[in-house]
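This report is meant for a reader who meets the structure for the first time. Please keep the sequence and the model in view while reading.

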Amino acid sequence: MNELEIKKVPFMGTELMAVRDNDGQIWAGVRWICDGIGLSEGQTKNERLKIQKDKVLSRSGRNFVLNESGYGSREVLCLKLDFVPLWLAKINITPTMERETPELAERLEQYQLHAKDVLAAAFLPTIYGAESKPAFRQRALTPDDYLRAASIVANCANGRLPYVLGFLEQGGFEIPKVEAAAPEKPELAQVIAQAIEDFGFTAIQLGQLLGVTRVQVYRYKNGQMPRGDRAERMIQTIREVIDQPEN
């Protein structure tokens, strides 16, 4: 093997990235896994720092210089494939996460259970059984099949949609790539997210600042709006704090 073997691997409606080096070692791209789970940019940065500081994980990480479309050559952090489950197991699925961001909690659980095997199968299909299954002839899909699939998708809960689309794709359906613009969150939600992700505030600190509970801060961050003109006052209060010059 004279050069890196790089693969993009479909998983749960997103793409993971893995590299096989000249020694045959497989490495998983950390950023792609974080994006697939649904972590924010701030949370992704935090996970990279945790890997670099962890006594075990730090010895299994490596930076590769890869060419990415639209970005050119850039250095990306990758983790030895065998250590991916250990890393993901260290991201706790807390009761708060299950209550406030159930979709993220569910995706994290699926990644903890299956991400390593999916990436390994892309490079080692025989060992992981992909080529050992008996061959079968799949019948051609008909318009009625697509109508039934469309009905299933239309009646699917948002949290289950990535799984349903993944199963349909495995069944031979061509899933159209639709890039829908995410609805813009209220200004209060954006300001709270900025305070947490860019300035390091905790929900408890913001709750004390605004006179509300930590749970209510997360509700506002997820788009819930307070009554009356409280939102404007909260926005002004937070901005006054984060806009203060550092001493």
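In this predicted model, Phe11 stands opposite Thr14 in strand β2, where strand β1 (residues 5-11) and strand β2 (residues 14-20) pair in the antiparallel sense over 7 bridges. These two strands form a hairpin with 2 residues between them, and Met12 in the turn has a positive phi of about 55°.

Among the helices, the axes of α1 and α5 come within 9 Å and cross at roughly 140°, which makes α1 oblique to α5. On the α1 side of this contact are Ile33, Gly36 and Ile37, which meet Leu104, Arg107, Leu108 and Tyr111 in α5; by class, the contact has 5 nonpolar, 1 polar and 1 charged residues.

Helix α8 (residues 187-197) has Leu188, Ala189, Val191, Ile192, Ala193 and Ala195 as its buried residues. The table lists helices that are included in what covers these residues.

| Helix covering buried residues of α8 | Residues |
|---|---|
| α9 | 203-210 |
| α10 | 214-221 |
| α11 | 230-242 |

A polar atom of the Ser60 side chain lies 2.8 Å from the backbone oxygen of Leu57. Leaving aside neighbours within four places in sequence, Ser60 is in contact with Trp27, Cys78, Leu79, Lys80 and Phe83.

Key:
Residues numbered from 1 in each chain as written. Predicted model: local features only at pLDDT ≥ 70, side-chain atom pairs only at ≥ 80, totals over all residues. Heavy atoms only, no water. Axes fitted to C-alpha atoms, helices over the stretch in contact; angles between N-to-C directions. Helix = DSSP H or I, 4+ residues; strand = E, 2+ residues; numbered from the N terminus. Parallel < 35°, antiparallel > 145°, perpendicular 65-115°, else oblique. Contact = heavy atoms within 4.5 Å. Nonpolar A, V, L, I, M, F, W, Y, C, P; charged D, E, K, R; others polar. Buried < 20%, exposed > 50% of the residue type's maximum accessible area, 1.4 Å probe, protein only. Pairing = 2+ DSSP bridges. Polar contact = N/O pair within 3.5 Å; in protein donor to acceptor, adjacent residues only side chain to side chain.
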